[in-house]
Amino acid sequence: MSASDITIRFNVNGEAREIQAPPMKRLLDVLRDDLGLTGTKEGCGEGECGSCSVRMNGDLVNSCLVPVLQAHGATVETVEGLAQNGVLSPLQRAFLRCGGAQCGICTPGMLMAATHLLARNPHPNLAEIREGLAGNLCRCTGFIRIFESVIQAAGSFTEQDAARSLDAR
Amino acid sequence: MAAAASPTMSTHATTRIVGAPVPRKEGVEKLLGAACYVDDIERVGLWHGATVRSTVPRGLIRSIRFDRNIDWSEFAVVTAADIPGENHIQLIFADQPCLADGKVNHCDEAILLLAHPDKHKVRRAVNAVQVEYELFPPVFTIEESERQETIVWGHDNLLKSFLLQKGDVDSAWPAAAHIVEGEYRTGAQEHLYIENNGIIAEYSSAGGVTVWGSLQCPFYVHRTLLAVFDLPADKVRVIQTETGGAFGGKEDYPSTLASHAALLARKSGHPVKMVYDRVEDLAATTKRHPSRVRHRTALDEHGKLLAMDIELATDGGAYSTLSSTVLSRATLHSPGPYSCPNVRVSSRSWATNTVPYGAFRGFGAPQAIFAIERHMDEIAAAIGMDPVELRRRNFLHQGDTTATEQLMREPVIVDKLLDRALSESDYYARREQFARENPDNPVKRGMGIAAFYHGSGFTGSGERYLNSLAGIDVTSDNKVRVLVSSTEFGQGTNTVLTQIAAEAIGLGYSDVEMAPADTGIVPNSGPTVASRTAMVVGRLIERASRQLVSKLQEHVGLSTHFSPSDFFEACRRYRIAHGEVASLCRYEAPPGVYWDDEKYKGEAYPAYAWSVHVAQVAVDTITYSAEVEEFWAVQETGRVINPVLAGGQIEGGIAQGIGYALYEKVILQNGHMANNQMTNYIMPTAEDVPPIHACFEEIPFEHGGYGAKGIGELPHDGPAPAILNAIKDATGVSFSSIPLLPEDLHATLCARESVEEPTIV
């Protein structure tokens, strides 16, 4: 710990965590380096690709653009929190079935963006899905099977799931 | 030998797992965020590497100065003088240095390497190293290079040339009813894999070099490390980590990055990680070759091709890297899927002072096919024929020969693909509708097509030279493992090869896994490139699997009909009696496949995949944006091994092709990529990709894994010409260069309006 470090207390995937870090350290680096949550990826470091998308206080954010001091007291959800006891979420299952993941590097961010979309709009139409995922770049799939995955997941998404996701606020 | 081992059965037998939409083998790990990419790996005592790069396009290095305010004793510093072996990256020719030694030939060329325990400190230190140069005049374009006034490579700037000749082109002109000429240009394109290039290296004098990284071709990296470190083969080990996209961009570059990281590991005595950030990856790594293609075509009065005279040039960048083989594939695809008695293709790749251009999905074919498929529409307009009809009259058929005199032995159903594409897209009805609506609508719509083949596998004698070895083994804990150096980077290697092995042995999909892509464990099944994995390596796995079953039947009495437990019991007995349970097969060329390198004639590829694309495009004459509204792709790629993955390959390739046509522009300033950020290098997003309808016709290829042909590169070949043909249909204006950005549309369409409508009162 260096003199400029501050203490950050926040809730990550339902668990209370406390770390010491420089206040301007990127949330992305805190998740990956301090908490070992390497599911969240860096693609561009400037908020363009969405690979580092996580939910913070129920908002979708690019964790490469969030200084960790802003996460103090926040609730953060990452890809590691989607599966419960090793059981894939309906969205993850739909990605697996439909071919929504190819190389997998955009997948964690894409799953968080899609989770966020479904939490706010449990039955989105295609235009809403396109808009909801427009901040997340995928170079492999051409997005078509990602859209299909979200549509299929929405079919099995219950109001209860939506309420639970919104609880994170 | 058991009946199951008959080589001809594979393509006709009904299958359980091949052809089924089984889930991606490593899919669950990817969805959990648990898949381990190179930047996710930590090592005790890890240091971080960084690169000091040239800021000039060409010159001599006069001095290297280190800022005195930094304590350099904390750093490991590596220059060319620290290289124990050869200072060359081993590709086709060894002209590219691993680190610049006294001179630089392009911006962003690596000069010096730094490592430090602190990732941030080492990046800041890069700027504290000042290099002074004596500048030499650079060359930046094909035109400047071919003038040969400034020589920047060899004695003539010419990296490679080919001359492909069939018949007698010059005799055809006098008898021609029509002669049509055109020139077509394509720009560079960045792969934009979402995971940047990255490597971790370790070095010890006893163990040699071990690298882990994001890469396509473990044995390419292995070969370069042997030379750079002057080590025997068993002292270099290359292990692929989960790879977040590649598209050809991790075919040759990782050999350079792995050498750099390993040199720093040797110098520092620590494991060293080098993971580029996006800015560095975009500036320093390979792109698709820019091209210029000139066509001169003779036709008879019925629109039949009489002669094609094609002059093809690519910009290869500062070193030869893969430019010769990219040029060869471009040459062989430049006449398109057409039958023509007289063909001449003269092709050249020119050196310039830019980052070397490299492999990118399609490998020269997208450039060549853009030209011929745009040109076919220009011919159709010039002779007053429907572009569909012109193509139909000239398509290759079974029994015809290509420009290299390759006899089309297999069925060719490009007519059928065209029919299906036209009916799926309702092509004629939509064209009519748009022709009716366009005059009163500021948004002009049009339909465009492109027809093409893509040769599967290495070009010419390539597969014979590769002489690939692949197979399977069975571990004592009852896992069948596929042993290949063919890597997974999203395209489905793991899934497709385990499907093939499970099918051929008679096991379940979950009984088979992939051995790690580790040169210390797997044989060299060749590089993961050229749409060769399912077809060539898949065939080796199919053969090795059948061979293993035969061996178990012969030696330990495995019955003809067996359950998985019978199989594993037989393996157990075999292991006790004979040792390791494994089966390897080496590549055998299909009969009659022979390529003459000297004459540049023969079987250019063992098989071809075929496709017809249709694009519906809207051009907004107020904003000058062109938008692809809907896209259809009908293809024949042999047997489809996994329909979900195959569909994903087609859709992803088309999205990249749309970017190539309409969005993606590499802007070079003084030979350095000026827009080296995702903010200003623009790829299609979820809002930009249209509905894509992908349909397959299947004709199993007897010599491919369960009948597969190549699929991965094919879909990148068609979108650009189909889209620009649709823009021609929509606006009446022919565009002959890509990328075609709104400002280009604006410039041309405005110029036309001012010519055509000068008298608005």
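I began with the hairpin of β1(A) and β2(A): two residues lie between the strands, and Asn13(A) takes a positive phi near 50°. Before going on, I noted that this is a predicted model, in which local features need pLDDT of at least 70 and side-chain atom pairs count only at pLDDT 80 or more, while totals for chains, interfaces and linings use all residues. Residues are numbered from 1 along each chain as its sequence is written, and chains are lettered from A and ligands numbered from 1 in the order in which they are written.

My terms come from DSSP: helices (H or I, at least four residues) and strands (E, at least two) are DSSP runs, numbered from the N terminus. Two strands pair if DSSP finds at least two bridges between them.

β1(A), residues 6-12, and β2(A), residues 15-21, pair in the antiparallel sense over seven bridges. Arg9(A) has Glu18(A) in β2(A) as its bridge partner. I also found β1(A) joined by two bridges to β5(A), residues 75-77, and here the strands run parallel. In that pairing, Val12(A) stands opposite Val76(A).

**Domains of chain A**

Next I looked up the domain assignment (bounds come from an automatic or database domain assignment). It gives chain A domain 1 (6-81) and domain 2 (90-167). I found their C-alpha centres 20 Å apart. For contacts I used C-beta atoms, placed from the backbone, that lie within 7 Å. On that basis, 13 residues of domain 1 of chain A are in contact with twelve residues of domain 2 of chain A. Which strand gives the most to the domain 1 side? I see that it is β3(A), residues 53-56, with three residues. By class, this side has five nonpolar, six polar and two charged residues. I counted Ala, Val, Leu, Ile, Met, Phe, Trp, Tyr, Cys and Pro as nonpolar, Asp, Glu, Lys and Arg as charged, and the others, Gly among them, as polar.

**Where chain A touches chain B**

I turned to the contact between the chains, which takes 39 residues from chain A and 41 residues from chain B. On the chain A side, α2 (90-98), α3 (107-120), α4 (126-132) and α5 (144-156) each supply at least two residues. The largest share, five residues, comes from α2(A). By class, the chain A side has 19 nonpolar, twelve polar and eight charged residues.

I stopped at Glu128(A), whose place is in helix α4 of chain A. Is Glu128(A) buried, exposed or partly exposed? By C-beta atoms placed from the backbone, a residue is buried if 20 or more others lie within 10 Å of its own, exposed if 12 or fewer, and partly exposed in between. Glu128(A) has 15 other C-beta atoms within 10 Å, so I logged it as partly exposed. Glu128(A) and Leu117(A) are eleven residues apart in sequence, yet 8.5 Å apart in space, C-alpha to C-alpha.

**Sheets of chain B**

In chain B I found an open sheet of three strands in the order β4-β2-β6, with antiparallel pairing. Its edge strands are β4(B), 103-104, and β6(B), 129-135, each pairing on one side only. Seven bridges join β2(B), residues 59-66, to β6(B), and Ile61(B) has Tyr133(B) as its bridge partner there.

I then followed β13(B), residues 291-299, where seven of the nine residues are buried. Nine bridges join it in antiparallel fashion to β8(B), residues 178-186, with Glu181(B) opposite Arg296(B). On to β14(B), residues 305-317: nine bridges, again antiparallel, join it to β13(B), and Leu299(B) is partnered by Leu305(B). These two strands form a hairpin with five residues between them, and Gly303(B) in the turn has a positive phi of about 85°.

**Helix α10(B)**

I finished with α10(B), residues 414-425. At 1.5 Å a residue, its twelve residues should span 16 Å, and the end C-alpha atoms are 16 Å apart, which agrees; the expected span is 1.5 Å times one less than the number of residues. I listed its buried residues as Val414(B), Leu417(B), Leu418(B), Ala421(B) and Ser425(B). Among the elements they pack against are α9 (387-394), α11 (427-437) and β16 (443-456) of chain B. Just after α10(B), I noted that Asp426(B) takes a positive phi of about 55°.

Key. Two residues are in contact if their C-beta atoms, placed from the backbone, lie within 7 Å.
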